[in-house]
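Hi everyone, thanks for coming.

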Amino acid sequence: VSFDFDETICGPVDYCPFMLCLLKNHLRLGDTVMILTARMEKREHGDWYKEFNPTRIPVKEYLKQHGIDVPVVYTNHDPKGPHAKRLGVDIHYDNDATEIASCREYGVIGIPIGYDHEQIVAGD
């Protein structure tokens, strides 16, 4: 199972705490869980985010704060579908309709998260 990071498990939207709880439940059930983020890995280290996006928290720092130890895969803005398939992901949660479509294209169950999900479901 993979989870997007920004505005899926972390962000200023009210459903993120629920999604973080869902991630923890998958772990408790023994599922293999990872974060599959479009972020650029090179921007997670050093001071890039402090200079250009000071409110941004690095993925691994956030996970550590919440006691979560799962792999983090950075797609560097590539579509997530090919990565999810290569990594053996069966289910991916994401707030981005394009990423949901990419996962579905590669046979991964894409579960849309957030308030725009009605558009994703209606478009199927």
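Let me start with a question: is Asp4 buried or exposed? Asp4 is buried, with a relative accessible area of 5%. By buried I mean under 20% relative accessible area; exposed is over 50%, and partly exposed is in between, using a 1.4 Å probe and protein chains only.

Quick housekeeping. This is a predicted model, where local features need pLDDT of at least 70 and side-chain atom pairs count only at pLDDT 80 or more, while totals for chains, interfaces and linings use all residues. Residues are numbered from 1 along each chain as its sequence is written, and side-chain values use heavy atoms, with hydrogens and water left out.

Okay, back to Asp4. Its side chain meets that of Lys80 in a salt bridge, 2.7 Å from N to O. A salt bridge here is a side-chain nitrogen of Lys or Arg within 4 Å of a carboxyl oxygen of Asp or Glu. Asp4 sits in the loop between β1 (2–3) and α1 (16–28), Lys80 is in helix α4 (residues 80–86), and the two are 76 residues apart. Helices (H or I, at least four residues) and strands (E, at least two) are DSSP runs, numbered from the N terminus.

Lys80 has another partner: Asp94 forms a salt bridge with Lys80, and again the closest N and O atoms are 2.7 Å apart. Asp94 lies in strand β4 (residues 91–94) and Lys80 in helix α4, so this pair ties together parts 14 residues apart in sequence. Both Asp94 and Lys80 are buried. Put together, Asp4, Lys80 and Asp94 are linked in a network of salt bridges.

How many salt bridges does a search of the whole structure find? It finds 3. One of them joins the side chains of Asp6 and Arg39. Here Asp6 is partly exposed, at 30% relative accessibility, whereas Arg39 is buried, at 4%.

Now over to helix α5 (residues 97–105), where Glu99, Ile100, Ser102 and Cys103 are buried. Why are they on the same side of α5? Because they cover an arc of only 160° around the axis, the arc being that of the directions from the helix axis to the C-beta atoms.
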